[in-house]
Amino acid sequence: MEAVTDLPFRTICEELGASLTFTEFLSAEALTRGAAKAVGRMWPSLGGRRFAVQIFGREPEALARAAGMAVDVGASIVDINMGCPAKKVTAGACGSALMREPTLAAALVAAVRRAVPAAIPVTVKHRAGWDECTLNAAEFARSLVDAGAAMITVHGRTRAQGFSGAARMEPIAAVRAELPREILVVGNGDVKDATAYLRMKNETGCDAVMIGRGAMGNPWIFRTLAALETGQPDPGPPTLAERRVVWRRHAALVLEHSPDKMRLHELRKTLAWYSRGLYGGSGFRQRSFSTADPAALHEMGEAFFAELEAFEVAGTRLVTVPADPIAKALARRNRREGDRSEADETCVAVS
Ligand SMILES: Cc1cc2nc3c(=O)[nH]c(=O)nc-3n(C[C@H](O)[C@H](O)[C@H](O)COP(=O)(O)O)c2cc1C
């Protein structure tokens, strides 16, 4: 995901059980021109773990060269994006716009297939179709596989839907039914918990599930699903101590790997994610904008978690509950005490 699946975030997801991570989509044109920003984002996973580099474009030659660059940095898979709905991408007839040009899309796959060693799978991610009138996922996927694609990921929305409405299961099921068994089909869209994961698998027959937004701030979703797949009990949501440990790890990865210019922003993002749903989180997030110094911000994060842990040591358990009478009572109390920042918290500390 653009501006999300950087090395620190992917590492956290991998360490919590994600079996494969993808870089954000990278413009083949930018990569081949040597644009430092794009080239710098082809971060290989740590510890030699396999990873996919996702590229996009519409020029076979550029895609082929970009794919070669991905292989050179150690990518185990080259994935081509044919699903992005963003205007900045479809205006150039790239991303999901390629679903309207199946012949060119297949030619792109063939060009990339020729450019990379046979051991490197070339894969594609696309949508259910361009709009309601062109729900062509199954035939589109078939032509990509005929051109050499080894795995297809389907996001069950059309380009016209963008990210609104619900992802549909039928287009993913249709792609699974259309393709030979040895071609893996990955279902994608709206999977944020084990129930949605099981529904996606059961209703579509897909071989794997790709998780995007559901992992942002909740990388523990991968350990839950890994437990499910291996017949282990669900470890459940993270304890406060686990949150703190993972935040620390994520922050350390940001401090070590993020480019200087991005460090403060990325660190703030980790704090926003891991403080979500915690008592005092919303006020803390506001305070996190009070410093522009990464070291000071890191200390604020440490202090935030330390304070909450002190609560727990005193026998208070932190739980996430929907806005309910307890939350409302707490919000009322906070308002009385003049702390308006907590009024909207849906998460409270209860003994
Ligand atoms: C901020 C953001 C950035 C995204 N960037 C990409 C991308 O670079 N490549 C891609 O294939 N999909 C990208 N997507 C789409 C997601 O991968 C995924 O298909 C979509 O969000 C639906 O799945 P989800 O409900 O699990 O998030 C992005 C989505 C979001 C919200």
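Two strands are taken as paired if DSSP finds at least two bridges between them. Helices (H or I, at least four residues) and strands (E, at least two) are DSSP runs, numbered from the N terminus. By these criteria, β1 and strand β2 (residues 51–56) pair in the parallel sense over five bridges. Within this pairing, the bridge partner of S27 is F56 in β2. The model is predicted: local features require pLDDT of at least 70 and side-chain atom pairs count only at pLDDT 80 or more, while totals for chains, interfaces and linings use all residues. Residue numbers run from 1 along each chain as its sequence is written.

The open sheet consists of seven strands in the order β1-β2-β3-β4-β5-β6-β7, with parallel pairing. Its edges are β1 (21–27) and β7 (208–210), each of which has a single partner strand, so one side of each is left without a neighbour in the sheet. From one strand to the next, the twist averages 30°; angles run from 0 to 180 degrees between N-to-C directions, and axes are lines fitted to C-alpha atoms, for helices over the stretch in contact. Helix α8 packs on the sheet, where it touches β4 (122–129), β5 (151–158) and β6 (184–188), and its direction makes about 155° with that of β5. Contact between two residues requires that their C-beta atoms, placed from the backbone, lie within 7 Å.

Helix α8 (residues 170–178) also packs with helix α7 (residues 137–146), at an angle of about 40° and with the axes 8 Å apart. That makes α7 oblique to α8 (angles under 35 degrees count as roughly parallel, over 145 as roughly antiparallel, 65 to 115 as roughly perpendicular and the rest as oblique). Residues A137, A138, A141 and R142 of α7 meet P171, A174, V175 and E178 of α8. This contact of α7 with α8 comprises six nonpolar, no polar and two charged residues, where Ala, Val, Leu, Ile, Met, Phe, Trp, Tyr, Cys and Pro count as nonpolar, Asp, Glu, Lys and Arg as charged, and the others, Gly among them, as polar.

For helix α4 (residues 60–72) and helix α6 (residues 102–115), the axes come within 8 Å and cross at roughly 40°. That makes α4 oblique to α6, and the crossing is right-handed. On α4 the contact involves P60, L63, A64, A67 and G68, and on α6 it involves A107, L108, A111, V112, R114 and A115. Nine of these residues are nonpolar, one is polar and one is charged.

Helix α1 (residues 7–15) packs with helix α11 (residues 240–257) at about 145°, their axes being 8 Å apart. The crossing of α1 and α11 is right-handed. Residues L7, P8, T11 and I12 of α1 contact V246, R249, H250, L253, V254 and H257 of α11. By class, the contact of α1 with α11 has six nonpolar, three polar and one charged residue.

The ligand is surrounded by 18 residues, of which M1, E2, F25, G212 and R213 are the closest; a residue is near a molecule or strand if its C-beta atom, placed from the backbone, lies within 6 Å of it. The shell around the ligand divides into five nonpolar, eight polar and five charged residues.

How values were computed
A crossing is left-handed if the near helix is turned anticlockwise from the far one by less than a right angle, and right-handed if clockwise.
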